[in-house]
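Dear colleague,

Please find the structure below, handed over for your work. A summary of the findings follows it.

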Amino acid sequence: MGKLKTEEFVVNMGPVHPATHGVCRLMLTMDGEKVVKIEPVIGYLHRAIEKVCENRTYPQCIPMMDRFEYVTSMSTNQVFSQACERLAEIEVPERAEYLRVIMLELNRIASHLIFYGTTAMDMGALTPFLYGLRERELIIDLFEMTCGQRLTYNYIRIGGVSKDIPKEFIPKCREALDIIEGKLVDYEGLLNENPIWLIRTKGIGHLPAELATSFGVSGPVLRASGVDYDIRRDDPYSIYDRFDWKVAVCQNGDCYDRYLLRLEEIRQSISIVRQALDGLPEGNIKAKVSPKFKPPVGEVYSRIENSRGEMGVYIQSDGTTKPLRVKCRGGSYNQLQALPYFGTGGLVADLVAIFATLDVILPEVDR
Amino acid sequence: MSDNLGNLELIHVFYWLKELLLSTGLGEPYVTIVSYVVLGAVTFGVLALLALFLVWWERKIAAHIQQRFGPMRTGWHGWYQTIMDAVKLLQKEDVRVDKRDKFVFFWAPVVCFVAAFLAYVVMPFGNQLIVADLSIGILYVLAVTTFTVISLLMAGWGSNNKYALLGGMRSAAQVVSYEVPMVAAILTVIVYVGSLSMVDIVEAQSGLFINWFIFKLPFGPIAFIVYIIAATAEANRVPFDIPEAEQELVAGFNIEYSGMKFAMFFLAEFVNMFTVSAIAVTLFFGGWNGVFLPSWVWFLGKTFLVVLLLMMFRWTYPRLRVDQLMEFAWKFLVPLAFANLILGSIMKYLGWYW
Amino acid sequence: MTKEELRSYIDSTFGSQLKALDTGRHDPMYEIEPQNLVKTCQALCDDEKVKFNFLCNISAVDTTEKFEVVYSIASLPNKLRLDFKFSLPYENAEIDSVQEVWSGANWHEREIWELYGINIRNHDNLTRFLLPDDWDQGFPMRKDWDAPDFIRLPEK
């Protein structure tokens, strides 16, 4: 068939496309069904959060941070509050630290449940999506019970948390954890051994460890490539060093490993939340912080392990009530950046699988 | 079969209608024409309603697999939801792409819709309840169901959209590949019946369920499995729904269609699903054969069970990739189907069957 | 390696290139010379003892008198963190790309170029990506940028 003239053509995957989880546009150069080149085009969701923060006082920035990454808003609150606390050297009360860890880990579970659902949905299995969201609802209810919000919590504040948990929180939380742990078995039964799932994910989208490190890829994607690095353990923040848990690591760096690793992380998070609930002390939930919070001159880059990798905030303070500069760094930013370097060569369906298992969310990329 | 239950056979309604027409004094040829027109209209109407019902049923099954309710607001368990949806689609603006291929774009849904219904000319709904008993029945079905692929290609080409074109090309490749194992599986049955007529095929399975070809043929279950896999692919359903793979091609070939034209594609898809199930029942599950109940009830009941199977596939499995799909067809299904056919033919020749 | 050990190691090994600052909180902060940027980064990345092979973040800061560019780096095998920065004049600000050390710097630098107007030398793909393609209304992250009442959208 050598005589037929063929030519590559460009397909716009996005900005509105079911598989891009938001408004990302991937310009694909395709040879038939084969993806030859990927060029991510971002900025459709650019809300200038960094610029807006420069004109807000520090406590007013926290609701902006909720919008920076709305799937795990708790961690955005945490990373900003932590930066402010490090700037002003505020000691956070013990109970507040425990509550923070509980909320952060619950939010991580919720985010990974969404990952489970959307990834399966991107490969055509629609049922797991509903399963994932069903269990996430339990966690969202817990958050609603605590801070009245279901998506943008504004819960973790500078110096502590905004409200104490209600009395019925702890039994409800334990119940929810038991349910989720039971349902994990169902999830794995549905996909782990499914032959179609295996041929769709095993060996697809192999991300070598060197490439991942060099591109600043972090979090579950990095650990799936065999790099044993978790900020919760290796650059401890809050009180993660007090709990007994394992960092999940896989070796192959393909889509299947990224999927397995996240399921394992749900298990570890459940264990952390249980330990935190057991050890929850009585006491104050918020250090005394003036509403006109004025940190001394200085700068800090604070980072935490979010469900999508390293989430960091750089703050430079000039000694006034408003930050001089706030820079947000999300894990998805670097993951999407690395995509053109390992996502090519497969078919469109493979690209969809790779994109789904990177678990990119676009507000974090565009900010 | 007792007499009073036998009166429930729909074929008597047809005879009654014919006698009514004859009593008005019309000549014999005109009566035949009128009665066939009525028959066609009724078949068409019933099938359109059936497609609407299938859409509702699929939504309910999907909902229950996913542990939710599905449509609940419109009537009892939302029974007229799809009727309202169809009415909504009828009212919608017919959006047309500027740079479409006008002729092809317009006729694609029509061809798809018509092709979906053509197969029912030879479908034996019940005892004697068949529009025309063609002697080449099953061959005719295979021929007209493949029309669908032409319509999908037309839709893909006419839309002037790369996603649509990819969807059309995928569907052509898929249908051509899966036609081969499907025909091989059907041939296994035909070898035993010795006739292509649908009525002959059903009558060869009369009697107890032990006479159904899935049990009677030497490797009946294998033939059935090959057929049902190929049929799922033929009906473009998960795990073989790559022509319209939502997360890859957005909506595939029907991406640029809206309103009524989209509704035609949509209903045709469900009619196709019913068609392949009905053929599966005719070939492997004894068609309308059954005891106590009227034959058309048996036929519909069995068909709905096969449809249920297809729906459960859809809501359980992820989708295959396009090259894996081809590999599966050519490297697994085709050899299996032909081995089955050859073995079955040898056993038929030697008389090693019952 | 603790933070104190890291500080003393940096002072002894890279003392000529990295000068300690006291503005950094929590993590050590250093100042470097902008013309040595790539060389210093390469040295930090290659040094066996520290091996800073992971770029967390690059952020530019407009302090209304000058620009500052802050690099936050980490070492995955040795679990270390370090920040360093340098100042640039307001006019004709220009820095070298550190892509050859950490490929992930690509988009961070592109963002700095786009939003602050700091030119990046040796960058392989200096095109707009957060702002519209035909943006011609200045550099929004600069402190002296006034948000216009109306922004003209590209005509299409």
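**Interface between chain C and chain A**

Five salt bridges are found across the interface of chain C and chain A. Please note that the model is a predicted one. One salt bridge joins the side chains of Lys79(C) and Asp234(A), with an N to O distance of 3.6 Å. On the side of chain C that touches chain A, the elements giving two or more residues are β3 (54-62), β4 (67-75), β5 (80-88) and α3 (105-116) of chain C. The largest share of that side, nine residues, belongs to β3(C).

Chain C brings 42 residues to the contact and chain A brings 45 residues. The area buried between the two chains is about 3,600 Å², and carbon and sulfur atoms give 53% of it. Within chain C, the residues that lose the most area to chain A are Arg25(C), Trp107(C) and Leu130(C), which together account for 20% of what that side buries.

**Nonpolar cores**

The largest nonpolar core comprises 171 residues. Those with the most contacts inside this core are Phe80(A), Leu106(A), Tyr155(A), Tyr71(C), Phe84(C) and Ile118(C). Helix α4 (residues 94-122) of chain A gives the most to the core, with 13 residues. Leaving aside residues up to four places away in sequence, Leu106(A) touches Ile139(A), Leu142(A), Phe143(A), Phe169(A), Cys173(A), Leu177(A) and Val273(A). Another core, of 94 residues, lies apart from the largest one and includes Ala108(B), Phe113(B), Ile279(B) and Leu310(B).

Helix α14 (residues 295-314) of chain B has 20 residues and reaches 29 Å from its first C-alpha to its last, close to the expected 28 Å. Its buried residues are Ser295(B), Phe299(B), Lys302(B), Thr303(B), Phe304(B), Val306(B), Val307(B), Leu310(B) and Met311(B). They pack against α3 (28-65), α11 (220-234) and α13 of chain B. As background, residues three or four places apart in an α-helix point the same way, because there are 3.6 residues a turn.

Helix α7 (residues 147-158) of chain B has 12 residues and reaches 16 Å between its first and last C-alpha, close to the 16 Å expected. Among the buried residues of α7(B) are Thr148(B), Val149(B), Leu152(B) and Met154(B). The cover over its buried residues includes α5 (102-118), α6 (137-145), α8 (162-193) and α13 (259-284) of chain B. After α7(B) comes Asn160(B), whose phi is positive, near 55°.

Yours sincerely

Methods: Residues are numbered from 1 along each chain as its sequence is written. Chains are lettered from A and ligands numbered from 1 in the order in which they are written. This is a predicted model: local features need pLDDT of at least 70, side-chain atom pairs count only at pLDDT 80 or more; totals for chains, interfaces and linings use all residues. Side-chain values use heavy atoms; hydrogens and water are left out. A nonpolar core is a set of buried Ala, Val, Leu, Ile, Met, Phe, Trp, Tyr and Cys residues joined through side-chain atoms within 4.5 Å. Buried means under 20% relative accessible area, exposed over 50%, partly exposed in between (1.4 Å probe, protein chains only). Helices (H or I, at least four residues) and strands (E, at least two) are DSSP runs, numbered from the N terminus. Contact means heavy atoms within 4.5 Å. The expected span of a helix is 1.5 Å times one less than its number of residues. Buried area is the accessible area (1.4 Å probe) that two parts lose on being put together, summed over both. A salt bridge is a side-chain nitrogen of Lys or Arg within 4 Å of a carboxyl oxygen of Asp or Glu.
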